[in-house]
Every structure is written in C-alpha cells, then in structure tokens.
Amino acid sequence: TKFTNVIVRRPAKSMVEGITSAPELGKPDYELALKQHDDYIAALKECGVEVTVLPALEQYPDSCFVEDPAVITRCGAIITNPGAASRNGEKDEIEPAVRQFFDNEHVKHIVAPGTLDGGDVMMVGDHFYVGQSARTNEEGIRQFFEILEGWGLEGSEVKLEKVLHLKTGVNYLEDGNMLVSGEFVTKPDFEQYHRIEIPEDEAYAANCIWVNGTVIVPEGYPTVLKAVQDAGYETITVDTSEYRKLDGGLSCLSLRF
Ligand code: CIR
C-alpha cells in the first residue's frame with residue numbers, strides 16, 4: 001500500500017456541539033482545534049501525500065471527521081449512509097470531493113435502510129473488516145460487501161461490544177502489525193496478526209495511522225509511542241486533545257488513498 005492523496009475538512013466552530021460520549025472532558029477549544037488541525041495536515045504532508053483541504057461546514061458539527069461519510073479503496077469509493085441523524089447529511093457534502101478523484105463507475109453508495117460509518121471499516125490489504133456498531137447495521141454491511149465483491153475485494157464482519165467504532169480500538173499498521181486495545185485484544189478475528197497490545201490507560205492511542213511507512217501517533221501516550229517505534233516505524237506525534245473530547249481520533253480526521 002502507498003497513499004498518494006488525503007482529504008480532510010476544517011473543523012467548524014459548531015464542533016463544540018458535536019456528539020460525545022465523554023462530556024466530562026469538556027467542550028473543545030475551537031482555536032486550539034484549528035491549530036491541531038494545521039499540525040495534522042503538516043504531519044500528513046511530511047509523509048508524502050497530497051492533502052485536499054475542504055472548507056468547514058457549520059451545519060454539521062462533526063463534519064471534520066471525514067472518515068465516516070466515505071470509504072475509499074484502491075478500486076473505488078463508497079459514499080456511506082452515516083448512522084447518526086445529525087451527521088447523515090455529511091454524505092452529500094463529501095461526495096463532490098470524492099468525485100474529483102473517481103469517475104461515475106467507481107463511486108457507489110450505501111442506501112437506507114442500510115447504515116454504515118467509515119470509522120467501522122478497517123482495511124488490511126484487499127480485506128476489509130467492518131464493525132457492526134450503533135452506527136453500522138447488518139444491511140449496511142451486506143451492501144458494503146456486495147460492492148467490494150464487485151471490485152474483487154472482500155470483507156468480514158466484527159461484532160463490537162463497547163467502542164463507538166471499530167477503529168476506536170483496533171488499527172492496522174501494515175507489515176502484519178496491528179494495534180489492539182480492550183475488547184480487541186482477545187478477538188479471534190485478529191489472531192493471525194502481530195498484535196501490539198495497548199494498555200487500558202492509553203486506549204485512546206489505539207487509533208494511530210500508518211501513512212507510507214510512518215505512523216502518526218497522538219501526543220501524550222508514551223507507552224504506545226515506544227511500542228510503535230520498537231516495531232520499527234518512524235513516528236510523528238500530533239496533539240488531538242480537542243478531537244478526543246468528541247470521541248474522534250487521528251484516523252477519523254482524514255480519508256487516505
Ligand atoms: C461522532 O460521534 O460521530 C463524532 N463525534 C466522532 C466520530 C469519530 N469518527 C471515527 O471514529 N471515525
């Protein structure tokens with residue numbers, strides 16, 4: 001795998017009203033979130049990708065998390081049907097940006113009653129693990145697999161118990177290496193990989209992203225940083241504290257392809 005392009009969207013001021021399961025962390029500081037977004041873009045550019053920066057959308061508080069309304073594979077793009085009502089319209093906003101890179105034939109859709117969030121999709125080569133979650137339902141997964149099969153790709157389903165999205169707790173770093181936390185440490189689905197176990201107090205940092213040999217790690221998680229470096233990767237850290245307050249991590253903030 002090598003990524004050439006990344007799509008991100010600037011956070012909106014309305015992000016302070018974004019969905020969160022952790023209100024005790026407080027509301028995000030918008031100015032700080034913008035600065036962290038700048039640093040995120042700079043880190044991606046260091047990894048050698050072209051970054052397309054979409055403008056903020058005030059009507060969608062969670063719209064900086066572009067990973068959810070689309071999934072991009074090496075064979076084509078899938079516009080999803082996001083499972084949270086306040087986010088569903090984000091699919092229509094991401095589609096024109098995706099179409100800059102793919103023609104008609106290579107853009108497919110998940111449609112009602114199917115729902116799916118891109119955060120539930122983890123790519124491992126040509127295999128896609130999909131989490132069945134509060135956002136992604138059986139019908140959404142069925143449609144997703146049908147589209148993949150049409151492109152000669154394949155998928156398998158993973159049942160989630162606790163986390164919001166599949167990639168909240170498990171992320172693939174390429175070369176057979178996988179970061180696993182919580183419920184994913186013992187799942188038979190991932191037995192075949194070299195699993196790097198994340199301690200519970202650093203669980204947020206299970207959401208790292210591999211970009212062309214470098215792994216971007218959230219700032220402030222020393223055990224995970226060391227484990228990723230010990231696995232042989234170059235690393236860049238980026239502070240995502242303001243996105244964490246909305247249950248968002250590094251992967252949620254971009255589409256990489
Ligand atoms: C949400 O609840 O939808 C946002 N506050 C966070 C989305 C995180 N996205 C992701 O894990 N892919």
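**Packing, strand pairing and ligand surroundings in a predicted model**

The buried residues of helix α2 (residues 90–99) pack against β1, β2 (50–54), β3 (70–72), β4 (77–79), β5 (107–109) and β15 (255–256). These buried residues are E90, K91, I94, E95, A97 and V98. Buried denotes a relative accessible area under 20%, exposed over 50%, and partly exposed the range in between, with a 1.4 Å probe and protein chains only. Helices (H or I, at least four residues) and strands (E, at least two) are DSSP runs numbered from the N terminus. Contact, as used for packing, means heavy atoms within 4.5 Å.

The model is predicted, and local features need pLDDT of at least 70, side-chain atom pairs count only at pLDDT 80 or more, and totals for chains, interfaces and linings use all residues. Residues are numbered from 1 along each chain as its sequence is written, and side-chain values use heavy atoms, with hydrogens and water left out.

Strand β13 (residues 214–218) is mostly covered, with five of its five residues buried. T214, I216 and P218 lie on one side and V215 and V217 on the other, and both faces are covered. Strands are taken to pair if DSSP finds at least two bridges between them. Strand β12 (residues 209–211) runs antiparallel to β13 and is joined to it by three bridges; I209 has I216 of β13 as its bridge partner. The two strands form a hairpin with two residues between them. N212, in the loop between β12 and β13, has a phi near 55°, a positive value in a residue other than glycine.

On β14 (residues 234–238), β13 has a parallel partner, and five bridges connect the two strands. Within this pairing, T237 of β14 is the bridge partner of V217. The chain passes from β13 through helix α5 (residues 222–230) to β14 in a right-handed β-α-β crossover. Right-handed here means that, with the strands pointing away from the viewer, the path from the first strand over the helix to the second runs clockwise.

Y233 is found in the loop between α5 and β14 and counts as buried at 8% relative accessibility. Its side chain makes a polar contact of 2.9 Å with the side chain of N177. A polar contact is a pair of N or O atoms within 3.5 Å; within protein, one must be able to donate a hydrogen and the other to accept it, and residues adjacent in sequence count only if both atoms are side-chain atoms. Leaving aside neighbours within four places in sequence, Y233 is in contact with L173, E174, D175, N177, W210, G213, V215 and V228. Y233 and R195 are 38 residues apart in sequence and 15 Å apart in space, C-alpha to C-alpha.

A further open sheet consists of three strands in the order β9-β10-β11, with mixed pairing. β9 (170–172) and β11 (194–197) stand at the edges with a single partner strand each, so one side of each is left without a neighbour in the sheet. The twist averages 25° from one strand to the next, with axes fitted as lines to C-alpha atoms, for helices over the stretch in contact, and angles running from 0 to 180 degrees between N-to-C directions. Three bridges connect β9 to β10 (residues 177–180) in the antiparallel sense, and N171 has L179 of β10 as its bridge partner.

R10 lies in the loop between β1 (5–9) and α1 (30–46) and is buried, with a relative accessible area of 19%. The side chains of R10 and D38 are joined by a polar contact of 2.9 Å. Beyond neighbours within four places in sequence, the contacts of R10 are L34, H37, D38, I41, V53, L54, A56 and C64.

The ligand is surrounded by 13 residues, of which I19, R87, H165, L246 and C252 are the closest; a residue is included if one of its heavy atoms lies within 4 Å. A nitrogen atom of the ligand is 2.8 Å from an N or O atom in the side chain of D62. A polar side-chain atom of E67 lies 2.9 Å from a nitrogen atom of the ligand, and a polar side-chain atom of R135 lies 2.8 Å from an oxygen atom of the ligand.

Most residues other than glycine have a negative phi, and most peptide bonds are trans. A cis peptide bond joins A112 and P113, with omega about 5°, and P113 is placed in the loop between β5 and β6 (121–124). D247, in the loop between α6 (241–244) and β15, has a positive phi near 65° and counts as partly exposed at 25% relative accessibility.
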